[in-house]
Amino acid sequence: MPDLSPRRQHPAWIFLSAIQQLRGMAIPLVVLLVGGGRRGDEAFLALGGVAVLLGAVARGLAWWRFRYEVSGGELRVRSGLLAQRERFVPLERVQAVDVNETPLQRLLGVVGLRVETAAGGSAASDVTLAALSRAEADLLRQRLARGRAAATGPAPDAVGAGASDGTAAPGALPLPVAAGETAGELIRRITPGELLLAGMTSGRIAPALAVFSFAFQLADDVVPDRWLERLAMTGTLWSIRGVLTLVGVIAIGGWLLAIASTALTFGGFELRRDGERLQASYGLLERRRRSIPIGRIQAVSIGEGLLRQPLGLAAVRFESAGYGTDTAESGVLFPLLRRGEVPAFLAAAAPAFAASIDPAGLAPPPPRARGRYVVADALPFATLAVVAVVVMVVVPWGRWWWGLAPLALAPFGAVHGWFRFRDTGWALDGAGRLVARGGGVERRTTIVPRRRLQRRSLVQNPLQRRAALATFGAAVASGGGGGTITLEHLDEGVAAGLVGQLGPASADQAVSPSGPTTEAATPHLA
Amino acid sequence: MSTKPPPRDRLDPRARTLWRLSGLLGALPVALVAVAVAAGLVRIALVPTPVAAAIALVVTLAAAVGIWPYPDLLWRHWRYEIGEAEVDLQRGWWTTTRTLIPMARIQHVDTRRGPLQRRFGLASVVLYTAAGASEIPALADQVAAEARDRIARLANVNDDL
């Protein structure tokens, strides 16, 4: 019943994949067209034409050879022009099914579908179908879910409901609606005000950097060198006022870009709960829909960026075995909440992680650890200064004291270390959950149930041994790199007690981290 | 360092000889390159001969730490214990790291024998969890096989990630 006979994607795939390939060559093409028009280009253009034709044929054949089916409890994908490639994914290994919709896909009337597997962070382990008609995508999603339900036992009939609700006409709503988006009970939807606030406090510089580097590259490629030279010669570029203006323009432009990119990425963010699955849909231009099995969530973390801390704002993320770190937003459960709202939000979305994150309930590292945090973060600059002084002594044109320049940054390192000390804390609650908080530029509180911990570790160097301190570490299964928890410089007795209490042999018991002195005498392992 | 007694078992004593040998194999090319570079520097008269000789000597000595005393220190501080509920690993002479891995989290276990290890009749046991791999290096073949079988028996196979 849940089988699906072998079939191909929508023919629009040929066009989409061709565009994808061309995108990498965009800048050379622009340069070619702008700088073209000389004699002898005819042969070149003919060659280009032949290449494009061959490419189109190859794309067409690739589309022809790509078939997928659901049978025998597996998703089977066969592809490849010369070397046949077969990939069989058992349905119970499917972590999540995401539906994406770029403007181009919407124009062509197709959606993209991505099947995440548990095989780790690399995109290579996932199955991507870039062009399916809405009906086909719904059908496949439904079959994958039903097959998985049959393979893993009891499951709510929520999947069927999801498919039947997803027939909203495209374009009928102000936001593009991905297939089956309205299934399940709404937990929270982002408001325009929250979206704006999220953009203003995001501190995202990646989009700005991308735009500026693209602009510089384009300027370098297209604008004649003569102009740039003249600009440099007139000195307008290098006066103090010029530099300040440039910095100001870049900073404000970057901030506006951050707001815009946040709005585009997380616009209309909506989290729904559909039985044992969470459905997150978001994006203004490209509408994404992520389906997250609640039982697969390994840990939840609450991040408070530097700009968000004074406003009491936080973003909630999750760690799951399937998701990688390929995109910045991949693990986002909700992009912006008030800190006080987090427990209620978690109680509705993922009750197993609804621990108290009240800072007053967290045990800090002992006061004697403070200096270690501060020194550790300032030390790299001092080391750099030593190296720089040596280099400046050796090179003939240098003065030795030039090498001291990195020391100017050491105070920032020290402040960063002090922030880390101030933010670090932990608690072990009655339900056997570890709540660990770390700091620095972003304050991050991680909640992980004891049974999700894959390993615990205790690290001690001689300096720590002398001060009776130790560093606690733990790891959860994670597709990305965010699966580790570190609590630096705890009292060694406290850290050892924590390692013991989080082990399989100990009973679920509450520990009230009332302070380092009482903790040191943890009776548990004594 | 902790209230729980440190793990009981040590690696095979032959591990020291094995590591010394691999330390030698690592140090030889470093020493050769250091001498060659020093000779080159003297040749183009960039540095005086004693300075070049001193640099070559220091680099060679630093590489030779891998032959002595590092293998002995490493061996002396490596402990492991395969308990009913957990695997307990402790290692490191300067920085001591103790890692506990619950049996229920272990997904599979390998024994591994490199060409050098095979000469000495040694093998490594590698444990895989969903959060990465951990290794017990250099056990006698027989001991490694027993450890692997014991872990495989105790590890819970029904666990979902």
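Visitor: Before I trust any of it, how confident is chain A?

Guide: This is a predicted model, and chain A averages a pLDDT of 79, with 77% of the residues scoring at least 70.

Visitor: Where in chain A is confidence lowest, and where is it highest?

Guide: The lowest mean, 34, belongs to helix 6 (residues 158–165) of chain A, while strand 15 (residues 425–428) of chain A has the highest, at 95. The pLDDT is also below 50 over residues 324–328 of chain A, a stretch that has 9 contacts in the model beyond near neighbours in sequence. Over residues 506–526 of chain A the pLDDT is again below 50, and there the model shows 32 contacts beyond near neighbours in sequence.

Visitor: OK, switching to chain B. How many helices and strands?

Guide: Chain B has 5 helices and 7 strands, and from the N terminus on they run β-α-α-α-β-β-β-β-α-β-β-α. Of the 161 residues in chain B, 36% are buried.

Visitor: How do helix 1 and helix 2 of chain B pack, at what angle?

Guide: Helix 1 (residues 14–43) of chain B packs against helix 2 (residues 49–64) of chain B at an angle of about 170°, and their axes are 9 Å apart. Angles over 145 degrees count as roughly antiparallel, and the two helices of chain B are therefore roughly antiparallel to each other.

Visitor: Which residues make that contact?

Guide: On helix 1 of chain B they include B:Ala27, B:Val30, B:Ala31 and B:Ala34, and on helix 2 of chain B they include B:Ala52, B:Ala56, B:Val59 and B:Ala63.

Visitor: And helix 5 of chain B, which residues are buried there?

Guide: The buried residues of helix 5 of chain B are B:Ala144, B:Ala147 and B:Ile151. Seen down the helix axis, they fall within an arc of 60°, so they line one face of helix 5 of chain B. In general, an α-helix has 3.6 residues a turn, so residues three or four places apart point the same way.

Visitor: What covers that buried side, and what sits on the face turned away?

Guide: The cover over those buried residues includes strand 2 (79–82), strand 3 (86–91), strand 5 (106–112), strand 6 (122–129) and strand 7 (132–140) of chain B, whereas the face turned away from the buried side carries the exposed residues B:Gln142 and B:Arg153.

Visitor: Last one, back in chain A: is A:Gln501 buried or exposed?

Guide: A:Gln501, which lies in helix 15 (residues 492–501) of chain A, is buried, with a relative accessible area of 6%.

How values were computed: Residues numbered from 1 in each chain as written. Chains lettered and ligands numbered in written order. Predicted model: local features only at pLDDT ≥ 70, side-chain atom pairs only at ≥ 80, totals over all residues. Heavy atoms only, no water. Buried < 20%, exposed > 50% of the residue type's maximum accessible area, 1.4 Å probe, protein only. Helix = DSSP H or I, 4+ residues; strand = E, 2+ residues; numbered from the N terminus. Arc of directions from axis to C-beta. Contact = heavy atoms within 4.5 Å. pLDDT = per-residue confidence, 0-100. Axes fitted to C-alpha atoms, helices over the stretch in contact; angles between N-to-C directions. Parallel < 35°, antiparallel > 145°, perpendicular 65-115°, else oblique.
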